[in-house]
Amino acid sequence: SSAAAAAVLAGGGVDALPRPVDVTDACDPDGVSLTYADTVSAGGCANEAVVERVWRATDGCGQMYEETQIIRIVDTVPPVLDVPESVQVSCSEGRTPKVTGKATAVDACSGSVLPTYSDIMMDGACGITDGVIRRTWLAVDECGNAVNGTQHINVTDMSAPLLVRVPPPTAAVECGPTADTSEANLGTVVATDDCAAIPTVEMLESPFEVACGTAGAFTRTWNVTDGCEGPVTQAEQRIVVVDTREPTFTFVPMSTTVECGGAVPSDMATAEDECSNSVKVVRNETVTPICGGAREIVRTWRAVDECFLERVAFETVAVVDTMAPEFESFTKIISLECTKDAQSTLPVNTGYVNATDICTPHPEVQFVDGSFEDGKCEQEFAFVREWTAVDECGNEKVTQQRIEVHDMTPPTVMLDELEHRLECTAALLERLADKRWANVTVRDSCDETPSLEFVDAVTLCSAGAPMPSAMVGVPPMPPGGSKEEMDCTDCGGDGCTVLNRQWVARDACGNEGIAALRVCICDTTPPQLTVPAAVEVECGSDTSVEALGWAEAADDCAAVEVVWVDEVVLEDECMRVTERKWVAVDMAGLRTNGTQMITEVDTGTPVLEVPPDVVVECGSEIPASAFAPANATDSCGSGNVMVSERMEVVSTCDSSDEGGARVITRYFTALDGCGNSASAEQRIEVVDTTEPELRAPGHVTAECGTEAAAAVA
């Protein structure tokens, strides 16, 4: 093609092809120019072409001469072929050029050429896929020039057969008549080979290893070959014949129940096993006490085969107790004297009831007391005690016993002292009011809180003798009273009172106990007086007792009268001091004095009244009342108050006229005789609220151009 020709021509240029041998000119031999033009046409193949080259010689006068040159381009040289070295491969590796190598070829005209190949297989000695391959490579350029080369590939069998299915590495088969250890049951191998069509499989078994009974194990081995004396592929399976089934009992005694003291069964159990020639039967017995002679016997039967597998069965023998205990003789009715001891009615004091039992050596005896039946009083009662005898198996028997409690003993009244000489005090009054004495003790064997009462008789030894409020209404001692009464002489005479008190204690059942007490009560203590605290008040204040407070008086024994009197002890213009004297007197004439100091002082300011504020228009006269004087008064002292005044004038507009708008302020101060002062002020304001008056000039007409017009302008 023209492209191929152009490529050739470009490679060598014009200088690479023949040029005209001689170019002359008669007139200008050295001035002739030589040029050429090519016409290219296709050749016989892609790399061949025909070039028609026309040469032209032109002298300096424009005379020219043409010559035609034909150039043909041809391709007769084959490509250069590079063939891979001969190699050896395994039949499992493959035989393609990717594994054995690819040939390459280069052509001077066509460039890179892709070789092709063809194979001839010569069989080997141990299979249909091994042997020598003669591979012929062929390279042809675009013009049909060809070259070939040979590569030898030696294919060998170097791989062992491949197991595509193998049985589990271990297999277990239960021993016995139906045990199946065949390949059909436990599995076999399936193999394939890259070179051999069908590999050879051989199976071997090791001797049986006995473990126990008919149980044991052996090893099954498979050897797989491909016939080319290559590696051998193996697989193993460990087959274990196991015994997992326990023996079977052929007889086990049935569970049963017997009464306490009866005979216990003693039959033996039997057993058998498919994989053992003999089975050992062992009995273990556990006895669990239940109650008394009753118990539960659990027999555990164990059947053990030659592989130490065991089966367990149980037999239970229940020994029971169903008979109740019997009571021994006891007292049916018990009578007791009431006491404060809560345990007096318990069996520890009244006696226990006992019982016996065939199967329990010492049956438990318990009691429950029924509800109380009321007697003639609160402390007397009766109840039924129910005894229950229970053996260790819960069998019980019940009987009853009656308990009666009576109260026939009176309370005891005890006095630590039979005579007292006491001061009439608050503590004494409290004891009298409570009708109790700290030294009075009452005891009763049955009643926790017997009633305690007393009967009083009073003797006043003088008109001023104390009569406590708790003793008001008590009758006087009758003539010919108790021979143990204390007379006024022994009591202390005037100012004392004799109290004869008889104590009576009575329990809930009406039993009574009596004791007598004589008390001499004397009043020698003056009343207590509390006066109000000293105060300081403003003069003119209310200083009455209603305003400043009453004194308070108290007496432990009798009523108290309180009186007072005022006395001025100091007085001047600014202060007055009053002493208020208080006196408290009780019925025995005992008195207590107290004093309260009342100080009246002048600390209040005077009352200052000033004229009212005034507002007037500028130009008007200020009324004389606006300058009236201030007045001051004082509630304390002499009432004389001095008033001083100061005046201040301040202009409020921009005016120099003293009569213009302005503010006149009058400052007042009031001072009393005690130095207390008060201040106030009055404001007089002169204001300007009227507008000024204005009269404007008349209208004017000015001629343009005149001085007047100019002035206006």
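The model is a predicted one. Its chain of 713 residues has 34% of them buried, and its secondary structure comes to eight helices and 48 strands.

**The chain overall**

- Of the contacts between residues at least 6 apart in sequence, 58% join residues that are at least 24 apart.
- The accessible surface of the chain comes to about 42200 Å², and 52% of that surface belongs to carbon and sulfur atoms.

**Salt bridges**

- Side chains of opposite charge can pair when their charged atoms come close.
- The count for this chain comes to 23 salt bridges, including the pairs described here.
- Arg56 forms a salt bridge with Glu66, and the closest N and O atoms of this pair are 2.1 Å apart. Because Arg56 belongs to strand β2 (residues 49–58) and Glu66 to strand β3 (residues 64–73), the pair ties together parts that are ten residues apart in sequence. Arg56 is partly exposed at a relative accessible area of 33%, and Glu66 also counts as partly exposed, with a relative accessibility of 41%.
- Arg299 forms a salt bridge with Glu285, with 2.7 Å between the closest N and O atoms. This pair links distant parts of the chain, since Arg299 lies in strand β22 (residues 294–304) and Glu285 in strand β21 (residues 280–291), 14 residues apart. Arg299 counts as buried, at 5% relative accessibility, whereas Glu285 counts as partly exposed, at 42%.
- Arg402 forms a salt bridge with Glu404, where the closest N and O atoms are 3.0 Å apart. Arg402 is partly exposed with a relative accessible area of 25%, and Glu404 counts as partly exposed at 23% relative accessibility.
- Glu174, Arg245 and Glu274 are joined in a network of salt bridges.

**Aromatic pairs**

- A pair of aromatic rings is described by the distance of the centres and the angle of the planes.
- The count of aromatic pairs comes to eleven, and two of these pairs are set out below.
- The rings of Tyr117 and Trp137 have centres 4.9 Å apart and planes at 50 degrees, so this pair is tilted. The pair links distant parts of the chain, with Tyr117 in strand β8 (residues 116–123) and Trp137 in strand β9 (residues 131–140), 20 residues apart. Tyr117 is partly exposed, with a relative accessible area of 36%, while Trp137 is buried, with a relative accessible area of 2%.
- The rings of Trp564 and Trp582 are likewise a tilted pair, because their centres are 5.6 Å apart and their planes stand at 35 degrees. Trp564 lies in strand β40 (residues 560–571) and Trp582 in strand β41 (residues 575–586), so the pair ties together parts that are 18 residues apart in sequence. Trp564 counts as partly exposed at 36% relative accessibility, whereas Trp582 is buried, with a relative accessible area of 0%.
- Tyr352, Phe367 and Trp387 are linked by ring pairs into a cluster.

**Charges over rings**

- Arg385 lies over the face of Phe367, at 4.8 Å from the ring centre, and Phe367 is one of the residues in the ring cluster with Tyr352 and Trp387.
- Arg53 lies over the face of Tyr36, at 4.2 Å from the ring centre.

Methods. Residues are numbered from 1 along each chain as its sequence is written. This is a predicted model: local features need pLDDT of at least 70, side-chain atom pairs count only at pLDDT 80 or more; totals for chains, interfaces and linings use all residues. Side-chain values use heavy atoms; hydrogens and water are left out. Helices (H or I, at least four residues) and strands (E, at least two) are DSSP runs, numbered from the N terminus. Buried means under 20% relative accessible area, exposed over 50%, partly exposed in between (1.4 Å probe, protein chains only). Contact means heavy atoms within 4.5 Å. Accessible areas come from the Shrake-Rupley method with a 1.4 Å probe; for residues, only the protein chains shown count as cover. A salt bridge is a side-chain nitrogen of Lys or Arg within 4 Å of a carboxyl oxygen of Asp or Glu. Rings of Phe, Tyr and Trp (its six-membered ring) pair if their centres lie within 6.5 Å; planes under 30 degrees apart count as stacked, over 60 as edge-to-face and the rest as tilted. A charge sits over a ring if NZ of Lys or CZ of Arg is within 6 Å of the ring centre and within 35 degrees of the ring normal.
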